[in-house]
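Here is a friendly briefing to read alongside the model. It starts with strand pairing and then turns to pockets.

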Amino acid sequence: MNAREMKVKAAQAALAHVEDGMRLGIGTGSTAEEFVRLLAERVHDGLKIQGVPTSERTARLCVELGVPLKSLDELPELDLAIDGTDELDDNLTLIKGGGGALLREKIVASASARMLVIADETKLVKTLGAFPLPIEVNPFGHIATRIAIEKAASRLGLSGELTLRRGAEDVFMTDGGHYIFDASFGRIPDAEALSGELNSIPGVVEHGLFIHMASLAIIAGEAGARTLEAK
């Protein structure tokens with residue numbers, strides 16, 4: 001199987017966890033989009049769900065395919081969030097935010113009774129950090145915030161370039177109007193310590209470390225899809 005076929009396989013397995021009447025958080029990214037396409041087919045066949053999208057991009061796809069949507073204010077408590085990931089380890093600690101939707105993804109995941117992650121096997125790693133960690137920051141004083149992030153990382157023995165994410169023509173802007181620094185730490189041996197440091201910096205809006213949030217992951221590979229449970 002190629003990468004897309006593995007994403008489809010994971011998305012197909014995730015559909016087995018979707019029940020009629022569910023309030024569903026719908027993630028962002030290439031794997032989540034495969035899930036949306038399959039979900040739309042089930043909706044057209046009569047499945048009743050209400051979806052809350054984690055990004056404007058996901059919302060547009062859902063509307064195009066006929067998946068019914070509500071805002072999180074209308075449905076502040078969800079049954080299940082299904083989303084992709086950029087990296088995950090055996091404890092189901094995640095790095096997310098490659099698509100720029102990490103803040104809304106984390107808010108939706110936190111509002112959900114369960115979070116199910118779908119990914120291809122290339123995303124499963126021993127130690128997080130090969131994928132640059134997205135850190136969402138307020139545009140005001142973002143250079144000062146970057147310096148504070150670098151100092152916090154240094155206290156944990158981490159180093160690497162912090163790159164301000166760029167869009168097609170200018171600085172990339174999230175749906176919430178924020179910037180993103182992509183932190184190339186290379187290896188993050190203590191995700192909880194780094195999370196604590198980042199959360200203490202006023203200019204940091206959110207970061208892409210999802211800790212103790214995912215309860216289940218479906219990983220697709222050449223041999224098919226397998227399920228990992230949080231330890």
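Glu136 has Ile180 as its bridge partner in E9, and in E10 its bridge partner is Glu206. This is a predicted model, where local features need pLDDT of at least 70, side-chain atom pairs count only at pLDDT 80 or more, and totals for chains, interfaces and linings use all residues. Residues are numbered from 1 along each chain as its sequence is written, and side-chain values use heavy atoms, with hydrogens and water left out.

**Strand E7 and its partners**

- Strands here are DSSP runs of E with at least two residues, helices are runs of H or I with at least four, and both are numbered from the N terminus.
- E7 pairs with strand E9 (residues 179-183) in the antiparallel sense over five bridges; two strands pair if DSSP finds at least two bridges between them.
- E7 also pairs with strand E10 (residues 204-207), again antiparallel, over three bridges.
- Five of the five residues of E7 (residues 133-137) are buried, so the strand is largely enclosed by the rest of the structure; buried means under 20% relative accessible area, against over 50% for exposed and in between for partly exposed (1.4 Å probe, protein chains only).
- Leu133, Ile135 and Val137 point one way from E7, while Pro134 and Glu136 point the other way.

**The three-stranded sheet**

- An open sheet has the strand order E4-E5-E11, with antiparallel pairing.
- Strand E4 (87-88) and strand E11 (209-210) stand at the edges with a single partner strand each, so one side of each has no neighbour in the sheet.
- Strand E5 (residues 94-95) is joined to E11 by two bridges, and Leu94 has Phe210 as its bridge partner in E11.

**The pockets**

- A pocket is an open set of points on a 1 Å grid over the protein atoms alone, where a 1.4 Å probe fits, with protein on both sides within 12 Å along at least five of seven lines; lining residues have an atom within 4 Å of a point.
- The largest pocket holds about 230 Å³ of space, a volume being the space filled by probe spheres set on the points, which are joined across faces, edges and corners.
- Of the 15 residues lining the largest pocket, Asp89, Asn91, Thr93, Ile211 and His212 are the closest to its centre.
- The second largest pocket has a volume of about 160 Å³.
- Its lining has 16 residues, and the closest to its centre are Thr28, Gly29, Ser30, Thr85 and Asp86.
- Helix H2 (residues 30-44) gives the most to this second lining, with three residues.
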